[in-house]
Amino acid sequence: MSEMRAMRLHAANQPLRLERVPMPEPGPGEVRVRVLACGVCRTDLHVVDGELEHPRLPLVPGHEIVGEVDALGEGVSGLETGPETGLETGLERGQRVGVPWLGWTCGVCEPCRAGRENLCERAEFTGYTRDGGYAEYCVADARYCFALGVEDARAAAPLLCAGLIGYRTWRLAGGDEPRRLGLYGFGAAAHILAQLAHSRGQILYAFTRPGDREAQAFARRLGAAWVGGSDEVPPEPLDAALLFAPVGELVPIALSHVRPGGTVVSGGIHMSDIPSFPYRLLWQERSVRSVANLTRRDGEEFLALAPQVPIRTETVAYPLEDANRALDDLRAGRLSGAVVLVP
Ligand SMILES: [Zn+2]
Ligand SMILES: [Zn+2]
């Protein structure tokens with residue numbers, strides 16, 4: 001077979017097109033992956049809607065890829081240990097892998113050398129600056145793939161971004177240290193993270209769009225002790241607040257909910273403008289920070305934790321050719337859980 005089907009973006013704000021394109025060939029250090037499932041992330045919406053600028057065009061979006069290694073590029077064989085990270089980098093044909101958002105880093109810039117490869121100055125991103133997984137096959141740098149067990153591909157796909165970014169957001173807010181944890185926006189990331197946090201005994205406060213009873217029932221089912229709209233005030237001050245909705249208004253709201261010394265962490269790659277707010281909301285050593293991308297270390301840690309919890313994702317599957325409908329449904333907030341495309 002020398003061609004494959006892919007959903008491609010040709011310009012921002014236009015629907016993806018189902019196309020037959022040449023089968024991608026893995027270059028040195030790369031593998032070709034037969035896609036079994038690819039999650040649809042809010043970041044894909046930001047790319048398609050032109051809120052993240054300068055994607056590669058035409059582009060195959062998608063960065064929550066679970067697949068099977070189908071072909072090895074030059075220099076990829078067996079299991080080896082990478083010099084910089086100590087992570088296993090070799091892959092074998094037939095092996096189940098996950099391909100995440102972080103597609104490549106330079107390894108030599110200052111952030112890379114300091115162990116902050118998520119901030120690499122020349123980083124490349126799957127489904128943004130490299131072709132991603134809205135296709136039958138994709139190519140990925142072997143060093144940035146995660147070896148997975150043979151679990152359900154559909155269920156595993158959302159772990160690759162919603163899971164990893166949620167985990168990094170949680171980690172930067174203090175991990176399991178905060179006792180009272182607020183989750184703002186109860187979609188793919190929060191529904192995964194809630195299970196981890198609940199298993200650690202943290203008390204969860206889930207904030208949804210005002211009146212979204214379905215999301216609130218979903219949050220309660222996954223362990224939230226309190227649920228409410230973002231216009232409601234939690235019964236106790238929170239130790240930390242994690243923002244997963246791309247809504248700038250939530251920053252001052254969350255600050256008003258956290259105790260002195262508390263932290264607000266935003267997990268999204270894009271957010272609407274944050275309105276100005278009085279200094280007293282930040283006063284008393286409260287802090288606000290963002291999360292950018294992921295490191296391979298985050299992936300290794302989180303993917304090892306997920307089966308221990310165990311985290312069960314709730315997914316809604318669409319055929320590959322229905323990617324536009326999947327994006328529309330995500331945009332409209334019509335879904336609980338995570339959206340997954342299946343070629
Ligand atoms: Zn770098
Ligand atoms: Zn994502």
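Predicted model: local features only at pLDDT ≥ 70, side-chain atom pairs only at ≥ 80, totals over all residues.

Biologist: What volume does the largest cavity have, and which residues line it?

Modeller: The volume is about 40 Å³. The lining is made up of Val-99, Gly-103, Thr-126, Arg-130, Val-139, Ala-140, Asp-141, Tyr-144 and Cys-145. Strand E8 (residues 137-141) gives the largest share of that lining, 3 residues.

Biologist: OK, metals. What coordinates the zinc ion (ligand 1)?

Modeller: Four cysteines, through their SG atoms: Cys-106, Cys-109, Cys-112 and Cys-120, at 2.3 to 2.4 Å. Along the sequence these donors have the spacing C-x2-C-x2-C-x7-C.

Biologist: And what's the arrangement of the 4 donor atoms?

Modeller: Tetrahedral, because the angles they subtend run from 102 to 119°. For reference, the ideal angle for four tetrahedral donors is 109.5 degrees.

Biologist: Are Cys-106 and Cys-109 buried or exposed?

Modeller: Cys-106 is buried, at a relative accessible area of 15%. Cys-109 is buried too, with 9%. The cut-off for buried is under 20%.

Biologist: Which residues hold the zinc ion (ligand 2)?

Modeller: Cys-41 (SG), His-63 (NE2) and Cys-161 (SG), at 2.0 to 2.2 Å. The spacing along the chain reads C-x21-H-x97-C. Cys-41 and Cys-161 link distant parts of the chain, 120 residues apart. Cys-41 sits in the loop between strand E3 (30-40) and helix H1 (42-48), while Cys-161 is in the loop between helix H3 (153-156) and helix H4 (162-172). Water isn't among the atoms, so a site may look incomplete.

Biologist: How accessible are Cys-41 and Cys-161?

Modeller: Cys-41 has 12% relative accessibility, so it counts as buried. Cys-161 is at 6%, buried as well.

Biologist: You mentioned H4. How many of its residues are buried?

Modeller: 9 of the 11, so H4 is largely enclosed by the rest of the structure. Among them are Leu-164, Ile-165, Tyr-167, Arg-168 and Trp-170. Just after the helix, Gly-174 has a positive phi of about 110°.

Biologist: Now H6. Which of its residues are buried, and which are exposed?

Modeller: In helix H6 (residues 213-221), Ala-215, Gln-216, Phe-218 and Ala-219 are the buried ones. They sit on the same side of H6, because they cover an arc of only 160° around the axis. Arg-213, Glu-214 and Arg-221 are exposed on the other side.

Biologist: What do the buried residues of H6 pack against?

Modeller: Helix H5 (188-199), strand E11 (203-208) and strand E12 (226-229). Following H6 is Gly-223, with a positive phi near 110°.

Biologist: What about H8, which residues are buried there?

Modeller: Helix H8 (residues 296-305) buries Arg-296, Asp-298, Gly-299, Phe-302, Leu-303 and Leu-305. Their cover includes strand E9 (146-147), H4 and H5.

Biologist: What does Ala-71 touch?

Modeller: Leaving out residues up to four places away in sequence, Ala-71 touches Pro-26, Val-31, Arg-32 and Arg-93. Ala-71 belongs to strand E4 (residues 64-72) and counts as buried, at 13% relative accessibility.

Biologist: What is phi for Asn-13 and Glu-285?

Modeller: Asn-13 has a positive phi near 65°, and Glu-285 a positive one near 60°. Asn-13 is exposed at 58% relative accessibility, and Glu-285 is exposed at 71%.

Definitions and conventions. Residues numbered from 1 in each chain as written. Chains lettered and ligands numbered in written order. Heavy atoms only, no water. Donors = N, O, S within 2.8 Å, 3.2 Å for Na, K, Ca; no water. Helix = DSSP H or I, 4+ residues; strand = E, 2+ residues; numbered from the N terminus. Buried < 20%, exposed > 50% of the residue type's maximum accessible area, 1.4 Å probe, protein only. Tetrahedral: all angles 85-135°; square planar, octahedral: opposite > 155°, others 65-115°. Arc of directions from axis to C-beta. Contact = heavy atoms within 4.5 Å. 1 Å grid on protein atoms, 1.4 Å probe; cavity = no way out; pocket = protein on both sides within 12 Å on 5 of 7 lines; lining within 4 Å. Points joined across faces, edges and corners; volume = space filled by probe spheres on them.
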